[in-house]
Amino acid sequence: MPPPGPSPQWRRPRLSNKQDVRWLAAAASLAERARPLSRPNPAVGAVIVGDGIVIGRGWTQPGGRPHAEAMALEQAGVKARGATLYVTLEPCAHLSDRGPACADLIATSGLARVVAGVEDPDERTAGAGLDRLRTAGIDATCADDGACRESLTGFLMRKTLDRPHVTLKLAMSLDGCIATASGESQWITGPEARAHAHRERARVDAILVGGGTFRADAPRLDVRLPGLEARNPARLALTGEDLPDGWLSLIDPQEIRALEPVQYLLVEGGAGAAASFLEADLVDKLMIYRAPVLLGPGLQAIGDLGLESLADAHGRWRHVDRRELGRDTLDIYQRSREAKGWIV
């Protein structure tokens, strides 16, 4: 269930300092390098700035340690004294057998100021990290920054909604088909769109297809981009049948809640799986790759959603991006949940 209503840490950003916005955006960009290898920890980015110059930077390392702040402090060394740390997530304050709390490292570093993009929803830290820094005499603030929140979406949803962030990817014709009437689907989109889709695979913890797609296409669901071949996500299928080694079956979309430590899940169809996740309102992001072809009476991209009226279809999605990928077009939509107090 979603939180009962918006709490202060989920407010939209109100930063007035343009330099703070700039450096937090840089930290959020660095955090991309940690995703998804940082699991079970969130992908965090950090930048240390002194006199307008970057003197240290870091991101969460594979397996979750060292943390981004520790990497940035090690790089900055003694230059950190009097500088400002920009970090996408509040520095951790809890003890761990895997390493020291970042708040303790920062408290003895000589840093003059810390700007965190998002307050940590983990109850072991949740404000305590920033409080510890203030006690140490450091000017520590939480900016509630949009770019940082976006970079941490999977972690935040796992902590607050107890499930991963779900992206539904569809590659279709202009008339909404994912295959011809005979079932031929390779390839509707061109090489540029397919390369982008593989890039998205490299950014998630797990990828899911429906049972029909598994039986018809025997998909590999791997990443086939130079340099990223090792970032293959876990493979899931929405089916009750037995699957070969290396695959996990889910009977119901709600079972994604048990997929710890998965923070990001990509659903690649087919029509039945897409409809199941949409009907369960478990899709947070739509990525629609559209090729300039018409297939006529082909296989539709999405099955029955169970909508009873046209009014039920409106107001659910907002368009956030459009890109040209070779001959194809990618449109990205996000689920609108602000009215319910959900994280977007």
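Modeller: What follows is a set of questions and answers on this predicted model.

Biologist: Why are glutamate 268 and lysine 169 called a salt bridge?

Modeller: The N to O distance between their side chains is 3.9 Å. The cut-off is a Lys or Arg side-chain nitrogen within 4 Å of a carboxyl oxygen of Asp or Glu, so the pair qualifies.

Biologist: Where in the chain do glutamate 268 and lysine 169 lie?

Modeller: Glutamate 268 is in the loop between β11 (264–267) and α9 (271–279), and lysine 169 is in strand β6 (residues 165–172). They are 99 residues apart, so the pair links distant parts of the chain.

Biologist: What makes glutamate 268 count as buried?

Modeller: Its relative accessible area is 16%, and buried means under 20%, so the label holds. Lysine 169 also has 16% relative accessibility and therefore counts as buried.

Biologist: Why does the pair of aspartate 281 and arginine 335 tie together separate parts of the sequence?

Modeller: Aspartate 281 lies in the loop between α9 and β12 (285–290), whereas arginine 335 lies in strand β15 (residues 328–335), so the parts joined are 54 residues apart in sequence. The salt bridge itself has an N to O distance of 2.9 Å, and both residues are buried.

Biologist: How do you know whether aspartate 331 and arginine 290 are buried or partly exposed?

Modeller: Aspartate 331 has 2% relative accessibility and counts as buried. Aspartate 331 is in strand β15 and arginine 290 in strand β12, 41 residues apart.

Biologist: How many salt bridges does the structure hold?

Modeller: There are 23 salt bridges. Salt bridges with shared partners join Glu32, Arg199, Glu200 and Arg203 into one network.

Biologist: Turning to the sheet, what makes β2 and β5 edge strands?

Modeller: The open sheet has five strands in the order β2-β1-β3-β4-β5, with mixed pairing. Strands β2 (53–59) and β5 (139–142) each pair on one side only.

Biologist: How do you know that β1 and β2 pair?

Modeller: Six bridges join β1 (residues 45–50) to β2, and the two run antiparallel. In β2, arginine 57 is the bridge partner of valine 47.

Biologist: Which strands does helix α2 lie across?

Modeller: Helix α2 (residues 68–76) lies across β1, β2 and β3, and runs at about 140° to β2.

Notes. Residues are numbered from 1 along each chain as its sequence is written. This is a predicted model: local features need pLDDT of at least 70, side-chain atom pairs count only at pLDDT 80 or more; totals for chains, interfaces and linings use all residues. Side-chain values use heavy atoms; hydrogens and water are left out. Two strands pair if DSSP finds at least two bridges between them. Helices (H or I, at least four residues) and strands (E, at least two) are DSSP runs, numbered from the N terminus. Contact means heavy atoms within 4.5 Å. Axes are lines fitted to C-alpha atoms, for helices over the stretch in contact, and angles run from 0 to 180 degrees between N-to-C directions. Buried means under 20% relative accessible area, exposed over 50%, partly exposed in between (1.4 Å probe, protein chains only).
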